[in-house]
Every structure is written in C-alpha cells, then in structure tokens.
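Here is a friendly note to read alongside the model. Keep the structure open while you go through the points.

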Amino acid sequence: MRVAALFLLLPTILLADQVFYETGFEKSEGVAIGSLDNTSTGWKTNGPHPFQIIAADDGSAGQAMASAASEAAEGSRAWLSIAPGDKKTIVEMSFKPTVSGSPGYQANLHLGSFPAAPGISGMAAIISFRGSGKIYAFDGETERELGKFTSGTWYKLRVENDPATQKFDVFLDGEQVGTGLAFNDPGITELRSVGLTHYTGSSATAPSGLAVDNVKFSTP
C-alpha cells in the first residue's frame, strides 16, 4: 500500500510547472507607477502612447502595465526577452482590451523570436483582440476566430507553445478556444520573445487601451 501511495504522488510532483519569470508589476517588486524605464520588470516600450505602470482599477493596492490613448494614433509596443529556447513554454497573463470604436482597433499578444519590438516577422503565436469584439489567432498564415470579448473586461489568457511541433494552444478564462494552431513563421524553432501591441485604429471615437497584469512564464 505504501508503494502504491508513493506512485500516486509522483505524477503531481513531476507535472508541476517550472516558473522562470513572474511579475504582477507591484511596488513590492521595485516597480514604481509611471514610466517603465529603470524598473525591475525588464520590459521595454515605444510608440506614441508607451506602456507604463498604472494603479490597479479594482480598488486594490495593486499595479498593472498599460498603454492608453485618448484619440487615434499609431500603435504602441512593449516587449520582453525570455530564455526557454526550444522547450515547451506556457505564457499566462491577465489581459484587458478597451476598444476605441474604430474597426482598426487591435490589442495583441505576440510570442516568437524577435530581437526588439514586435513587428511582422519572427512570430510563433499571435493572438489578437479586434475592434469588432472578436478574438483571432493566426494558424500559420490563416486567421482563425477564437471567440468574442467585452471591452474593458479582464480575461485570463494562457498560451501553451511547443517549438518541437511548431504548434500552440490558446485558453481564455480556463476554456480552450484554440487547439493545435501552427506557428505563424515556420522558421521559428525557439521562443525568445514576448510582445504586446496596442493600435487605436484611424477612426477612433473613444479612449482605448490595453492593460496586462499577473504575467507568468513557465515550462511544463
């Protein structure tokens, strides 16, 4: 009976995710409200409305990272270098898109191997929240609709990536909404970068933005 009990415990131990980066952008981590410069987050940003650290909007003492725009403008970007390489990688974060009223609005999560700000190359997984209220992901070069979202609402986004098979799965609030999607760039065999982009759209009629919080990267 003791041997059987031991074997029952082993899978739980062996399957625990190994976290290699985690942040809530909190003051206790050395992160001050304001610019991302000179913080301990490691994130970099550029664009007309750079991402910055803001106070949480739920009345708590917490903080988040966000890009906010009061009018139409070009996109803003934030990115971080990570180091899981060719291992399976799980990316998790709280994600709040606030649409601008323009069909061109986008709030995107990019995963791949890009040396600086996310652009159009070096992408493995791309998940996009659009001004239409729909969520898309690239399956290779083809866009797949994953579901719908409500503007100004926090969602728990999880993306499981496998460079060996060049496939990824997408989960929204614990529900799997994308399965076995192909990397956008078939040349990507390692995950080295995470990026965020926020585009208001040229016909914005309301303030818009993208906020993220509780970021965690791990390997299974």
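1. Start with the open sheet: seven strands lie in the order β3-β6-β15-β8-β9-β10-β11, with antiparallel pairing. Strands here are DSSP E runs of at least two residues, numbered from the N terminus, and two of them pair if DSSP finds at least two bridges between them. The edge strands, β3 (44–46) and β11, each pair on one side only. From one strand to the next, the twist averages 20°, taken between lines fitted to C-alpha atoms, with angles running from 0 to 180 degrees between N-to-C directions.

2. A word on the source: this is a predicted model, where local features need pLDDT of at least 70, side-chain atom pairs count only at pLDDT 80 or more, and totals for chains, interfaces and linings use all residues. Residues are numbered from 1 along each chain as its sequence is written, and side-chain values use heavy atoms, with hydrogens and water left out.

3. Now look at β10 (residues 134–139) and β11 (residues 142–148), which run antiparallel and are joined by six bridges.

4. Finally, find Trp 43. Beyond its neighbours within four places in sequence, its contacts (heavy atoms within 4.5 Å) include Tyr 21, Phe 25, Met 65 and Leu 196.

Key. Helices (H or I, at least four residues) and strands (E, at least two) are DSSP runs, numbered from the N terminus.
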